[in-house]
Amino acid sequence: MTYSWFKALHIIGVVVWFAGLFYLVRLFIYHVEAQTQPEPAQGILKAQYALMEKRLYNIITTPGMIVTVAMAVGLLVLQRGWLHDWWLHLKLTLVVCLLGYHFYCGRLLHQLEQGTCTWTSGQLRAFNEAPTVLLFVIVLLAVFKNNFPLGGTTWAVVGLVIVMGLSIQLYARKRRLDQEMASH
Ligand code: HEM
């Protein structure tokens, strides 16, 4: 029963953490794009995005991360045998990458607030794809464990995710070009 509670809360933590990460970088994109607006709209938009980013990071994203990791520790205390398994070692390595992503977002948030961020919106769009890849592999490792699937289904899903990611990038580029043409 305790184990099931840990697992349920672990999964809820994951959902909250990822919702926060995905939306946060989307806000960063809007924040950077606000720099092309004339004043006073630019100042108002930037202040509003900075506030939304700070609240999202502190009230949703970081607590989601803490719940995910705290519940995972509980799961491992009750299931110590997995500590010797390669799937868990790989999962933990990817979680360290995810934590790095999380804290780097905290740094970008600070830079955007200070006006010292040098990232373009196109770069942030690509950056926003990284957690999707981590989510995909980490969930497969959690579900399949040592029997990680490398068959057709996995590659079909990988292909689909790549096509979706590229479509989003191309659509954003087309919109940017259309806007540039309209403003000339
Ligand atoms: C500190 C980092 C983490 C550790 C030590 C950890 C460990 C675990 C453990 C021991 C389980 C139980 C597996 C089972 O009962 O079959 C589990 C379940 C799960 N974890 Fe994690 N996890 C971590 C982070 C994450 C993250 C970041 C994600 C999502 C990206 C994630 C997704 C899942 C999912 C979806 C399950 C449910 C799997 C199932 O019931 O089949 N975990 N995790």
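What follows is a set of questions and answers about this predicted model.

Q: How many helices and strands are there in the protein?
A: Reading from the N terminus on, the elements go α-α-α-α-α-α. No strand turns up in that run, and the tally is six helices and zero strands.

Q: What box do the C-alpha atoms of the protein fill?
A: The chain has 184 residues, and 32% of them count as buried. Taken along the principal axes, the box for the C-alpha atoms is roughly 65 × 35 × 25 Å.

Q: Which helix gives the most to the nonpolar patch?
A: The patch sits on the surface and is formed by Met1, Trp5, Leu9, Ile12, Val16, Ile59, Ile60 and Val67, with about 780 Å² of accessible area together. Two helices, helix 1 (2-33) and helix 2 (41-78), each supply at least two of its residues. With four residues, the top contributor is helix 1.

Q: What is the handedness of the crossing of helix 1 and helix 3?
A: Helix 1 and helix 3 (residues 86-114) pack at an angle of about 35°, and their axes are 11 Å apart. On the helix 1 side the meeting residues include Trp17, Phe18, Leu21 and Phe28, while those of helix 3 include Leu98, Tyr101, Cys105 and Leu109. As for the hand, the crossing is left-handed.

Q: Which residues is lysine 145 in contact with, leaving aside its neighbours within four places in sequence?
A: Lysine 145 is found in the loop between helix 5 (130-144) and helix 6 (152-183). At a relative accessible area of 24%, lysine 145 is partly exposed. Once those sequence neighbours are set aside, its contacts are Trp82, Trp86, Trp87 and Leu140.

Q: What distance separates the C-alpha atoms of lysine 145 and glutamine 37?
A: Along the chain, these two residues are 108 residues apart.

How values were computed: Residues are numbered from 1 along each chain as its sequence is written. This is a predicted model: local features need pLDDT of at least 70, side-chain atom pairs count only at pLDDT 80 or more; totals for chains, interfaces and linings use all residues. Side-chain values use heavy atoms; hydrogens and water are left out. Patches are made of residues with over 30% relative accessible area and no salt bridge: like charges are joined within 9 Å, nonpolar side chains (Val, Leu, Ile, Met, Phe, Trp, Tyr) within 5 Å. Accessible areas come from the Shrake-Rupley method with a 1.4 Å probe; for residues, only the protein chains shown count as cover. A salt bridge is a side-chain nitrogen of Lys or Arg within 4 Å of a carboxyl oxygen of Asp or Glu. Axes are lines fitted to C-alpha atoms, for helices over the stretch in contact, and angles run from 0 to 180 degrees between N-to-C directions. A crossing is left-handed if the near helix is turned anticlockwise from the far one by less than a right angle, and right-handed if clockwise. Contact means heavy atoms within 4.5 Å. Buried means under 20% relative accessible area, exposed over 50%, partly exposed in between (1.4 Å probe, protein chains only).
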